[in-house]
Amino acid sequence: MGSVCNGGDSNKDEITLDVTEHHKKAKSSSSSKKKDRKSKKSKKEKKQKKSKKHAKGTEAPAEKPIQTNDTIPTETWDDNDFETLLPSKKSFEITTEDKDLKAYTKDSRKKALEVAQDLDNIEWDLKQNKNGVQIYLGKTSGEEIFLRREAEVNANIETTTEYLKDYELRVKLADRIEKVDLVESYDSTSELCYQKMKGNLIFKARDFSFFSKIIDLKNGDRAIIEYSVENDAIPETKAVRAELENLCWLKKISDTETAIIHLMHIFIKGKVPGFAKSMMPKKHLQEFTKLKEIIESGSE
């Protein structure tokens, strides 16, 4: 009996031992699996972090926003800087079979700018200032004459332009001008003209062949440029063929007011008598005052 009992206890111990060892192995195995899972998870996280870090370092730059009409910088100019107001050079390159018109139009921008620069480049002497009209003479030597006339008129730019382009009125206002002929009208802004100045006993008659061009400026102002050209339609005469470069800058004050700056540059091709030059400011004051009155009254 005793031996049987002892044998049972021994088996019990063996079973208990086996169970304990089994639990230990199972626990060890479970712990090992957890470590493996943690290790795998850790490696996976590191790999993901590394991948993210790599992706962040090599990501494409952000695309620039598409520029719309609302974001395009607007063109700027200075109302008192003639050069910034002029349309682009390309706009003066026209398509036409008339070679003369094509050349004249292209040159008109350059000529207008050259005359406008006289405002700053010439030393001006105010000779007359009356009735809202100012007359200046440029200080020069030789055969060149620089004259500047300024006034403000109660009329819009369109009306002012019509009177300035009225060649019959020009002759009527200036007794020294014998005639102004419109030789050819190319379009509403471009003309070829002939002008003759009266002579006297000591000063021979002068004449001019010139191209006239109306230029609308960027800010709503307007320019009228006249400059000498050679053309077969205007052959030389017995008068001395002189040269001119005239610019009228019409500055918009309001819808009913316009400022006129009229710059005249004349190559007279001969010496101007002293008495004739001294009389110029007074004569131009009378002419420009009368022109102002006619523009504002709307009648000649």
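I began with strand β6 (residues 206–216), where 10 of the 11 residues are buried. Buried means under 20% relative accessible area, exposed over 50%, partly exposed in between (1.4 Å probe, protein chains only). Strands here are DSSP E runs of at least two residues, and helices are H or I runs of at least four, numbered from the N terminus.

I noted that this is a predicted model, where local features need pLDDT of at least 70, side-chain atom pairs count only at pLDDT 80 or more, and totals for chains, interfaces and linings use all residues. Residues are numbered from 1 along each chain as its sequence is written, and side-chain values use heavy atoms, without hydrogens and water.

Next I looked up the partners of β6. Two strands pair if DSSP finds at least two bridges between them. Strand β5 (residues 190–197) pairs with β6 in the antiparallel sense over 8 bridges. Here I found Glu191 opposite Ser212 of β6.

I then turned to strand β7 (residues 222–228). It is antiparallel to β6, with 7 bridges. Ser212 has Glu226 as its bridge partner in β7. The β6–β7 hairpin has 5 residues between the strands, and Gly220 takes a positive phi near 100° there.

I also checked strand β8 (residues 240–241). It runs parallel to β6, and 2 bridges join them. Asp207 stands opposite Arg241 in β8.

Last, I checked Asp120. Which helix holds Asp120? I found Asp120 in helix α4 (residues 118–121). Asp120 counts as exposed because its relative accessibility is 71%.
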